[in-house]
Amino acid sequence: RMVCSGVGSALLRGTDSQRKKPWRQAQEELVVEGETRYLAVDTRWEVEGSKLLIYLACSDGLVRLYRFVTTDQRLEVVREVEHHTHCVLQVRLVQNLLLTATTGGHLTVWDRKVMEEQKEGIVSPMVETVVHQSGVNCLAVRRETDTSWLLVTGGDDTDLVVTRLEVTQTGAEVQPVWSSGGRLGHAAQVTGLCVVDRWVVTTSVDQRVVVWKVGQEECEWVASKCCSVADVANMDCWVEGDKL
C-alpha cells in the first residue's frame with residue numbers, strides 16, 4: 001500500500017481570504033494579473049535526497065523554478081524567467097539543457113545552469129525556433145549521442161514534427177528534420193506522444209492511436225487504431241518482451 005501526504009505548497013496569489021481587498025484595488029489587480037495555472041512540471045535533485053529543483057511551465061508565460069528542501073519541508077522560489085509572450089505548455093530537462101514550448105508554436109532551449117544561478121538579471125535562451133503553427137501540446141526526447149537529441153512534438157495543427165538538437169562549442173543548434181505536414185497521422189490536434197526506442201506513439205482528439213517508426217531523417221507511419229476514448233489528454237507506453 002502506498003500512502004501520500006502533502007508536505008509543501010505554493011500559491012501565486014494567496015488564498016481567497018488573503019485576496020479580499022477593497023473593490024477598486026481588487027478589480028485593478030484582476031485586470032493586470034489573471035489566475036495562473038501550472039501546465040507542466042519537471043524536476044531534478046540539486047542535492048540527492050535533500051534539495052529538489054522544480055521547473056514549472058505557467059499559463060502567464062513565465063517559467064518558474066522552485067527549490068524544495070526535504071529537511072525542513074521548505075518550498076522557495078529560485079527564479080521567475082520572463083521571456084515567452086505565449087502560455088508555456090511544456091517544460092523538459094535534458095542533461096544541462098531546459099526545453100520549453102508554448103501555445104505560439106515556439107520551442108526554446110535554455111542553459112539549465114544559468115537558470116539555476118541565484119543572480120539578478122535577465123536570462124536569455126540559447127536558441128529558439130517555431131516548430132508548429134500553434135500550441136505544442138506534447139514533447140518527447142530521443143537521445144542520439146552525448147551531444148545530440150531528436151525532439152518529437154505534436155501540436156494543435158495536427159502535425160507530428162521531428163527536430164534535431166545539437167550542443168556545439170558555441171551553444172546549441174536546432175534543425176528541422178521531418179514533419180507530417182497534415183498528410184499522415186491525425187485529423188485533429190495531437191494531445192499525447194511517447195517515444196520508446198525507435199517507436200513513436202501518438203494520440204489525438206480524433207480518437208486515433210498511431211504508431212510510427214522513427215529514423216534518422218523521418219518518421220514512418222506503421223499502424224493506426226481507433227479507440228473509444230473521446231478526448232485523450234495524454235498517454236504513456238512501454239515495452240514488455242517483444243510487445244509495445
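User: Before we zoom in, how many helices and strands are in the protein chain, and what share of the residues is buried?

Analyst: This is a predicted model. The protein chain has two helices and 16 strands. Of its 244 residues, 42% are buried. The accessible surface comes to about 14,000 Å², and carbon and sulfur atoms hold 48% of that. As for contacts with a separation of 6 or more, 40% of them are between residues 24 or more positions apart.

User: Let's take a strand. How do I read the two sides of E3?

Analyst: The general idea goes like this: in a regular strand, side chains alternate between the two faces of the sheet. Now the case here. Strand E3 spans residues 62–69, and eight of its eight residues are buried. One side carries Leu62, Arg64, Tyr66 and Phe68, the other Val63, Leu65, Arg67 and Val69, and both faces are covered.

User: Which strands does E3 pair with, and in what sense?

Analyst: Strands of a sheet pair through backbone hydrogen bonds, and the pairing is either parallel or antiparallel. E3 runs antiparallel to strand E2 (residues 51–58), with seven bridges joining them. With strand E4 (residues 74–82), E3 is again antiparallel, over eight bridges.

User: What about the turns? Which residues take a positive phi in those hairpins?

Analyst: Take them one at a time. The hairpin of E2 and E3 has three residues between the strands, and Gly61 there takes a positive phi near 90 degrees. The hairpin of E3 and E4 has four residues between the strands, and there Gln73 takes a positive phi near 55 degrees.

User: Next, the open sheet. What is the strand order, and which strands are at the edges?

Analyst: The order is E5-E6-E7-E8, four strands with antiparallel pairing. The edges are strand E5 (88–94) and strand E8 (127–130), each of which pairs on one side only. From one strand to the next, the twist averages 15 degrees. For a closer look at one pair, E5 is joined to strand E6 (residues 97–102) by six bridges and runs antiparallel to it. In that pair, Val91 stands opposite Thr100 in E6.

User: Now the stretch after E16. Where does Ala230 lie, and what is it in contact with?

Analyst: Ala230 lies in the segment after strand E16 (219–226). With a relative accessibility of 51%, Ala230 counts as exposed. Setting aside neighbours within four places in sequence, Ala230 is in contact with Val205 and Gln207. Ala230 and Val205 are 25 residues apart in sequence, with their C-alpha atoms 6.7 Å apart in space.

User: How does Met235 read?

Analyst: Met235 also has its place in the segment after E16. Its relative accessible area is 21%, so Met235 is partly exposed. Apart from neighbours within four places, Met235 is in contact with Gly192, Leu193, Val201, Thr202 and Thr203. Met235 and Gly192 are 43 residues apart along the chain, yet their C-alpha atoms are separated by 5.3 Å.

User: Last one: how many disulfides does a search of the whole structure find?

Analyst: A disulfide is a covalent bond between the sulfur atoms of two cysteines. The search of the whole structure finds zero. Cys227 is in no disulfide, and the nearest cysteine sulfur, from Cys226, is 7.5 Å away. Cys227 is partly exposed, at 24% relative accessible area. Cys237 is in no disulfide either, with the sulfur of Cys194 as the nearest cysteine sulfur at 3.2 Å. The cut-off for a disulfide is within 2.5 Å. Cys237 has a relative accessible area of 15%, so it is buried.

Methods: Residues numbered from 1 in each chain as written. Predicted model: local features only at pLDDT ≥ 70, side-chain atom pairs only at ≥ 80, totals over all residues. Heavy atoms only, no water. Buried < 20%, exposed > 50% of the residue type's maximum accessible area, 1.4 Å probe, protein only. Pairing = 2+ DSSP bridges. Axes fitted to C-alpha atoms, helices over the stretch in contact; angles between N-to-C directions. Contact = heavy atoms within 4.5 Å. Areas by Shrake-Rupley, 256 points an atom, 1.4 Å probe, with all protein chains shown as cover.
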